[in-house]
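Please keep the picture open beside the text and find each part as it is named.

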Amino acid sequence: MKTLPLTLAAAAAATALAGPAAAEYPEREVELVIPFGPGGATDVLFRLISAAAEEHLGQSIVPVNMAGAGATRGSRAVMEAEPDGYTILGSHDTIALSNLAGMVDYSYGAFEPVILLTQTINIVAGGADPVVSEIGEIAAYAAENPGELAFSMIPSSTDHFFWSSFFETAGIDMADIRLIGYPDTGEQVSAVIAGDIDFGMFNMPSAGSQFEAGTMTPLAVGSEERLDALPEVPTLIESGIDVTTATSRGVFVPKGTPDEVVETLADAYEAALQDEELVSRIENEFGSIVNIKRGEDYATFLEENEAALARAAENMEFAR
């Protein structure tokens, strides 16, 4: 019987022992958990970008909507999944918001951040004929007409935190306004159109068609520069209110996922966002900007994001 030379035998043994563990990631489809129902901006954007990213990943990225418990059902499922890169999370600031609101005992630190993809700029808007047409005049109007102005928000959501920062920065006394909770964005839009609410915080995906139809009026955008989609609408900063506000969407994986897996996923998503047509759709259809951050840059961004949200939370009350 022929025998292999010692070096070849050792190599063959090492290959046999390595087995599947040495296989190159990914070997099969990747499940992308979206912790919201279908049809919203988060769902649509992640599906759109992931469809392009899978071409670079070499395997399908399968979106799975897992709504419930204030977006924590989906995030918890990913947090508790095997850290192998086959169950990933597409989410945004809600991870930190839920923690600050006392809904869960974990935040960004429970995950490995993969890549920041987009930021959807938030927009302060009123009805077709708002009682105050310029954002900088709201404070004076509220002081002169206490209890008259009503603002909408989803409790413990992005807009709840935004209004806390807005009121403090604009010098608005909470005793002079009414902050009213709604279960979802759709009901807020309806309330503004009906005149039940004076102002809400929206974005192009949720209210762009209403702006175009004239049933709602954008007063200010939360970006540092004006949006191409709304070039006539000033920024909050231009209006004397030093606040920026955006919903920052990115990809996360369970803690302990190997670095090479994180890098492979980040590479695929970053490559997808080099497509000019895709970027154009993100900007023009969804009022968002592509803002790629990965590695330490993304980790630092998340730390700063959570710190800013924590400062806003100091002036907020949450239902327990």
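1. W163 is buried, because its relative accessible area is 0%; the word buried stands for under 20% relative accessible area, exposed for over 50%, and partly exposed for values in between, with a 1.4 Å probe and protein chains only. F151 is likewise buried, with a relative accessible area of 0%. Please bear in mind that this is a predicted model, in which local features need pLDDT of at least 70 and side-chain atom pairs count only at pLDDT 80 or more, while totals for chains, interfaces and linings use all residues. Residues are numbered from 1 along each chain as its sequence is written, and side-chain values use heavy atoms, with hydrogens and water left out.

2. The structure holds 14 aromatic pairs, where rings of Phe, Tyr and Trp (its six-membered ring) pair if their centres lie within 6.5 Å, and where planes under 30 degrees apart count as stacked, over 60 as edge-to-face and the rest as tilted. In one of them, the ring centres of Y108 and F252 are 6.1 Å apart and the planes stand at 5°, so this pair is stacked. Y108 belongs to the loop between helix 4 (94-100) and strand 4 (111-121), whereas F252 belongs to strand 10 (residues 246-254), so the pair ties together parts that are 144 residues apart in sequence. Helices (H or I, at least four residues) and strands (E, at least two) are DSSP runs, numbered from the N terminus. Both Y108 and F252 are buried.

3. F151 and W163 also form an aromatic pair, here edge-to-face, with 4.9 Å from centre to centre and 70° between the planes. Because F151 lies in strand 6 (residues 150-153) and W163 in helix 6 (residues 158-170), this pair ties together parts that are 12 residues apart in sequence. Ring pairs also link Y106, Y108, F111, F252, Y298 and F301 into a cluster.

4. Which strands make up the open sheet of 6 strands, and in what order? The order is 2-1-3-10-4-11, with mixed pairing, and two strands pair if DSSP finds at least two bridges between them. Strand 2 (61-65) and strand 11 (288-294) stand at the edges with a single partner strand each, so one side of each is left without a neighbour in the sheet. From one strand to the next the twist averages 25°.

5. Within this sheet, strand 1 and strand 2 run parallel and are joined by 5 bridges, and V30 has I61 as its bridge partner in strand 2. Helix 9 (residues 259-272) packs on the sheet, where it touches strand 1, strand 2, strand 3 (87-91), strand 4, strand 10 and strand 11, and its direction makes about 20° with that of strand 4. Contact means heavy atoms within 4.5 Å, while axes are lines fitted to C-alpha atoms, for helices over the stretch in contact, and angles run from 0 to 180 degrees between N-to-C directions.

6. Strand 10 deserves a separate look, since 9 of its 9 residues are buried. Strand 10 pairs in the antiparallel sense with strand 3 over 3 bridges and with strand 4, again in the antiparallel sense, over 9 bridges. V251 in strand 10 stands opposite G90 and also opposite I115.

7. In helix 3 (residues 72-79), the residues T72, G74, S75 and V78 are buried. Seen down the axis of helix 3, the buried residues fall within an arc of 160°, so they line one face of the helix; the arc is that of the directions from the helix axis to the C-beta atoms. Strand 1, strand 3, helix 4, strand 4 and strand 10 are among the parts that cover these buried residues of helix 3.

8. An open sheet of 3 strands has the order 8-5-9, with antiparallel pairing. Strand 8 (200-202) and strand 9 (216-221) are at the edges, each with a single partner strand, so one side of each is left without a neighbour in the sheet. Strand 5 (residues 123-127) and strand 8 run antiparallel and are joined by 3 bridges, with M201 in strand 8 as the bridge partner of V124. Helix 6 lies across strand 5 and strand 8, running at about 125° to strand 8.

9. Finally, a cis peptide bond joins Y25 and P26, with omega about 0°, and P26 is found in the loop between helix 1 (6-18) and strand 1 (30-34).
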